[in-house]
Amino acid sequence: MLRSTSPHGITPSRTYKPAFSLSARTSSSSVTSNPKKSLFQELQTQLSFRIDEASKVLKNTPQMLLDAVVDSTFKFSDQTLHPSESNFAPVDEIGGPIEILQIEGEIPEDFPEGVYIRNGSNPLFGALHSTTSVFGESSEIWVEGEGMLHALFFTKSRSDSWSVSYANRYVQSETLKIEQARQKPCFLPAIEGDSPAIIVAYILNYLRFGKVNKNISNTNVFEHAGRVYAVAESHQPQEICIRNLETGNTWDIGGKWDRPFTAHPKVAPGSGELVIFGSDAKRPFLVVGVVSDDGTKLKHKVDVKLDRSTLCHDIGVTLKYNIILDLPLTIDIDRLTKGGQLIEFEKGSYSRIGVMPRYGDAESVMWFDLEPLCMFHLINCFEEGDEVVVQGFRSADSIIPGPRLNKHDMVPETSELKTRKHEINEKLFSRLYEWRLNLETKTVSGEYLTGTKWSLEFPMIHNNYTGVRHNYAYAQIVDSLTRSGANSEKVLPKYGSLAKLCLEERENVTETSAKDPVKMEIHRLGEDRFCSGASFVPRVGGTHEDDGWIISFVHDEKTNTSQVLIIDTQRFEGAPVAKITLPQRVPYGFHGTFIHNNTNGRVNTKPAKNWTA
């Protein structure tokens with residue numbers, strides 16, 4: 001047997017046979033009958049192998065060169081967390097469901113079977129990352145990080161006893177798989193930092209991976225037509241098997257939706273259609289869509305023809321209309337190329353709300369101008385006579401990407417705020433506001449419905465009341481943390497209490513409160529305990545709008561333990577009816593929801609076509 005040594009002294013790993021040797025797969029009779037054919041076939045095989053190997057090397061050469069450029073030019077570093085931010089740190093997957101045995105109190109008999117599931121940031125490799133290079137610095141912002149689902153499964157036995165188990169799992173996005181395969185961070189941060197560094201990050205990410213940013217799928221979980229999806233508004237949703245949290249296909253609505261997808265789609269009242277939109281940094285900046293109630297067809301798709309890219313996080317629906325937000329938190333590539341930031345809250349720019357017929361076009365939108373404001377979440381929208389009522393949490397500035405604030409911007413702690421140990425930033429203080437948009441007179445009026453005692457975010461309502469008049473809403477109460485900088489403070493939010501808003505009842509007016517604020521009930525979680533992903537769960541057979549529970553993940557920073565609390569919304573200020581202690585820490589996250597079992601007593605797990613997980 002012969003071995004070949006190259007002129008450079010490198011011995012190939014492959015062992016070669018003489019062309020005239022007999023292959024174990026070739027009979028002697030065939031060789032004897034046509035030795036030239038056998039020789040040709042063997043040479044062809046060897047040549048084909050070498051061509052394939054050379055093709056692979058040539059194909060990978062640009063990628064290898066780009067990787068070498070990144071590795072030699074950019075230095076990745078972990079963003080450090082202060083001790084008070086310890087529960088923002090990521091956790092590992094546990095590898096499978098774990099039965100919960102430690103439950104204080106009782107899960108109500110008429111609590112529904114199903115899955116409480118919450119999404120949130122869980123950065124790979126232990127932390128969010130920053131890079132430094134000759135181009136400057138760039139950093140991932142606090143809402144980035146790969147999506148991880150945390151789920152609590154509620155199942156009843158035939159004897160009506162409850163079985164509860166917990167599981168977690170990463171959303172298996174394409175970009176997560178890339179970095180897991182390479183076992184290191186690869187995508188350069190491309191949101192916040194020095195503009196040259198962000199521009200170069202955009203270019204190199206696109207050349208290396210065909211994407212300028214990671215698909216993080218970390219913001220929300222929603223259900224439509226019996227299917228469950230994880231989503232962040234920078235990408236399309238990914239289907240999730242709710243039984244085992246496996247990730248399925250990207251949902252592009254039969255190939256008809258080719259752009260980002262809102263983290264807050266809304267089910268239209270009456271029709272059951274799903275109203276969606278997608279914002280983008282390039283034209284068309286905002287496109288609205290309507291998906292059929294069975295999730296199989298994109299029935300309507302229209303460019304709203306905005307003049308700017310607005311980082312829009314939510315959309316509203318009423319019986320007849322889609323409610324569009326055009327607010328001055330913008331994404332501007334031109335601004336970036338001139339040395340500014342990619343994402344910026346333009347305090348001097350305009351704000352407006354658009355009322356669009358369900359199947360309308362850009363010309364059919366009736367716009368109502370507002371003073372500049374920031375608003376991430378709507379509570380609800382509904383029609384009342386000639387008016388469309390829009391309710392949402394408004395603030396004077398944006399917490400995304402994260403403003404740096406001087407100490408004079410902070411509201412000092414008062415005796416009323418003893419439960420909130422950390423100062424609340426005045427610019428970021430979020431209050432419930434109600435606009436009334438008159439479609440006949442084309443005028444707008446409005447008022448604050450909450451005062452200055454509590455800063456509110458992450459609203460919830462009974463989902464059956466989406467798009468119609470309602471009496472109750474719920475929210476997480478902000479307990480803002482500050483992180484010291486050289487001359488400024490940077491804010492990272494935590495939520496130390498929960499609120500029930502009784503929208504048809506008014507509080508007594510005091511000198512320190514806003515005019516006629518609505519009645520609020522407060523559920524205090526206790527010192528150094530904070531919640532995330534709270535969701536309203538209606539009672540089985542309930543007859544009133546507030547007949548149900550708030551369910552939420554809660555972390556105790558003193559004991560470093562995490563629980564899920566179930567709180568009776570009709571006894572909101574009382575103790576939770578159940579405290580379920582989890583087998584490991586659950587980091588603070590974003591939105592949660594409760595997925596009900598179907599009529600057969602099983603969680604909806606029907607896979608999409610071409611399920612690949």
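The lining of the largest cavity splits into eleven nonpolar residues, two polar and no charged. Here nonpolar covers Ala, Val, Leu, Ile, Met, Phe, Trp, Tyr, Cys and Pro, charged covers Asp, Glu, Lys and Arg, and polar is the others, Gly among them. This is a predicted model, where local features need pLDDT of at least 70 and side-chain atom pairs pLDDT 80 or more, while totals for chains, interfaces and linings use all residues. Residues are numbered from 1 along each chain as its sequence is written, and side-chain values use heavy atoms, without hydrogens and water.

A cavity is a set of points, on a 1 Å grid over the protein atoms alone, where a 1.4 Å probe fits but cannot get out; lining residues have an atom within 4 Å of a point. Points are joined across faces, edges and corners, and the volume is the space filled by probe spheres set on them.

The structure has four cavities of 30 Å³ or more. The largest has a volume of about 80 Å³. Its lining has 13 residues, with Leu 311, Cys 312, Leu 327, Leu 329 and Met 375 nearest the centre.

The second largest cavity holds about 70 Å³. Its lining includes Glu 140, Glu 144, Phe 187 and Lys 214, and divides into five nonpolar, three polar and three charged residues.

Last, Asp 568. Is Asp 568 buried or exposed? Asp 568 counts as buried because its relative accessibility is 7%, and buried means under 20% (1.4 Å probe, protein chains only). A polar atom of its side chain lies 2.9 Å from the backbone nitrogen of Gln 570. Beyond neighbours within four places in sequence, Asp 568 contacts Arg 539, Gly 548, Trp 549 and Val 577, contact being heavy atoms within 4.5 Å.

Notes
1 Å grid on protein atoms, 1.4 Å probe; cavity = no way out; pocket = protein on both sides within 12 Å on 5 of 7 lines; lining within 4 Å. Buried < 20%, exposed > 50% of the residue type's maximum accessible area, 1.4 Å probe, protein only. Polar contact = N/O pair within 3.5 Å; in protein donor to acceptor, adjacent residues only side chain to side chain.
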